[in-house]
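Biologist: I'm new to this one. Could you walk me through how to read it?

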Amino acid sequence: MKDLQNLVRPNIWSLKPYSCARNEFSGRKATAYLDANENPYNPPINRYPDPLQRELKKRIAVVKGVPEECIFLGNGSDEAIDLVYRVFCRPGVDNVVAMAPTYGMYEVCADINDVAYRKVLLDDDFRLDADRMLAAVDDCTKVIWICSPNNPTGNDIPRRTIDTIIRGFDGIVVLDEAYSDFSQLEAFRRHVEAYPNLIVLNTMSKAWASASLRLGMAFASPAIIELFNKVKYPYNINLLAQQRALEMLSDPLKVERWVAQIKQERAHMVPAIAELPICRHIYPTAANFILVKVTDADAIYQYLVERGIIVRNRNRVELCEGCLRITIGTPAENNELLSALRQYR
């Protein structure tokens, strides 16, 4: 890995961050809060929240097996994705490399930040070639994006492939593990301290069934986390989201049961869909969704919409032509989908 200062945008490295009122007395006991021009009435939401979410990070550290100093919390994973560009990529100069197809926000954020986005296509079975990924890198490449299990394809990227890319690239590698709870592979997040150039993304939206909280996580070296905290907006996670997340994290066994139920339904749905006349191919999945190649993706998608069943049409995504992405729902939702598809003519 290059020296971190050489990877970070010079203006970000020298940036003096905004000083939050709540940070200035951190560690001291206060009885009167007269520093932040808050209304003294209507507690507790009259006060600004902890800008570094310390209590929440302590709980996440236990649940996720990552040291507190290696955790950043964002307004959804999308905030962390955007911060990668803002911290490391000079607009109009630097570029990033990403597998394709994959999660669309990597490219959207690249476009917003005026950073060239280089795609490396997966093969016909959605496998990632580490050598091709590294061959797409040049002197202005700051970041490589990997998603595993991948969205929208659902497949795991083998650990050996990811390790080869991390060790073979001297810039930043971002590994999005949003769907890792549904996979059998060990998550990389527990090993961020061994990879100084690795950022692992995670979220409360999938296994933790808390998409409305908009709480994303980034796990990385303390030096990278410090840069993210330097650039983020001061109070990016509101108090209500922090409190609700703490409630959710207090019962990880419930989440394990949800994940087990979703995996069980996934195992039921794959052969059930495969038997349908509309099904041409089902791709292997390690996520909470299935990518299915069908006879006519646009027509079947519209047919389901008219019946109040919403799936994702991926027909216009590279390598996913003719495909629908179907999330695993409750048994009732899944049976409703199967019933509708069996009646399609």
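Predicted model: local features only at pLDDT ≥ 70, side-chain atom pairs only at ≥ 80, totals over all residues.

Biologist: What is the order of the strands in the open sheet of 4 strands?

Modeller: Strands (E, at least two residues) are DSSP runs, numbered from the N terminus, as are helices (H or I, at least four). Two strands pair if DSSP finds at least two bridges between them. Here the order is S8-S9-S11-S10, with antiparallel pairing. Strands S8 (279-282) and S10 (312-313) are the edges, each pairing on one side only. S10 pairs with S11 (residues 323-327) over 2 bridges, and Arg 312 has Arg 325 in S11 as its bridge partner.

Biologist: Is Ser 210 buried or exposed?

Modeller: Buried means under 20% relative accessible area, exposed over 50%, and partly exposed in between (1.4 Å probe, protein chains only). Ser 210 has 7%, so it is buried. You'll find Ser 210 in the loop between S6 (198-203) and S7 (215-219).

Biologist: Which residues have positive phi without being glycine?

Modeller: Among them are Asn 37, with phi near 55°, and Gln 53, with phi near 50°. Asn 37 lies in the loop between H3 and H4, and Gln 53 is found in the loop between H3 and H4. Asn 37 is exposed at 77% relative accessibility, whereas Gln 53 is buried at 1%.

Conventions. Residues numbered from 1 in each chain as written. Heavy atoms only, no water.
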